[in-house]
Amino acid sequence: MHTGMAKQTVHNLISQYNRRGLEAMAGPGRGGRYRANLTLEEEAVFLEPFKAKAITGQIATAQQIHAALEERLERPVHISSVYRLLKRHGWRKIAPRPQHLESKAEEQEAFKKTPETG
């Protein structure tokens, strides 16, 4: 599997080449977003308000984006469509940091070792 393709795919390509020559290899290819709700550009424009909101420190949740997408398309859409849309545009889940950026582990350990006064 040095080509990264299945064995049958390689056999099919060889067969097409033997029948039609190089023009068989230069075809338009397969796949495409035939059932896409929005084009990639429309999706990017749709996500802009949420991106601006997230940049200012507010939280943009998938549920909010889902509701807005359904409103935009004027029909129900499965929540997984929203997660795939976010992944396509490089969004990822960002959780709060477990500790402050400027915290110092040495000072925290020193504080733990001090006896309580009370």
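Reader: What should I know before I start?

Author: Residues are numbered from 1 along each chain as its sequence is written, and side-chain values use heavy atoms, with hydrogens and water left out. The model is predicted, so local features need pLDDT of at least 70 and side-chain atom pairs count only at pLDDT 80 or more, while totals for chains, interfaces and linings use all residues.

Reader: How many residues does helix H1 have, and what span does H1 reach?

Author: Helices (H or I, at least four residues) are DSSP runs, numbered from the N terminus. The expected span is 1.5 Å times one less than the number of residues. Here H1 covers residues 7-20, which is 14 residues. From first C-alpha to last, H1 reaches 20 Å, close to the 20 Å expected. Gly21 follows H1, with a positive phi near 80°.

Reader: Which residues make up the largest nonpolar core?

Author: A nonpolar core is a set of buried Ala, Val, Leu, Ile, Met, Phe, Trp, Tyr and Cys residues joined through side-chain atoms within 4.5 Å. Buried means under 20% relative accessible area (1.4 Å probe, protein chains only). The largest core here has twelve residues: Leu38, Phe46, Leu47, Phe50, Ala62, Ile65, Leu69, Leu73, Val77, Val82, Leu85 and Leu86. H3 gives the most, with four.

Reader: What does Leu69 touch beyond its sequence neighbours?

Author: Contact means heavy atoms within 4.5 Å. Not counting residues up to four places away in sequence, Leu69 touches Leu38, Phe46, Val77 and Val82.

Reader: Is His66 buried or exposed?

Author: His66 counts as buried because its relative accessible area is 16%. This residue sits in helix H3. Leaving aside neighbours within four places in sequence, His66 contacts Val77, His78, Ile79 and Val82.

Reader: What lines the largest pocket?

Author: On a 1 Å grid over the protein atoms alone, a pocket is an open set of points where a 1.4 Å probe fits, with protein on both sides within 12 Å along at least five of seven lines; lining residues have an atom within 4 Å of a point. A volume is the space filled by probe spheres set on the points. The largest pocket has about 680 Å³. Its lining has 20 residues, with Ala60, Trp91, Arg92, Lys93 and Ile94 nearest the centre. H2 (40-55), H3 (62-73) and H4 (79-88) each give two or more residues to this lining.

Reader: And the second largest pocket?

Author: That one holds about 300 Å³. Its lining includes Thr9, Leu13, Arg20 and Pro28.

Key. Buried means under 20% relative accessible area, exposed over 50%, partly exposed in between (1.4 Å probe, protein chains only).
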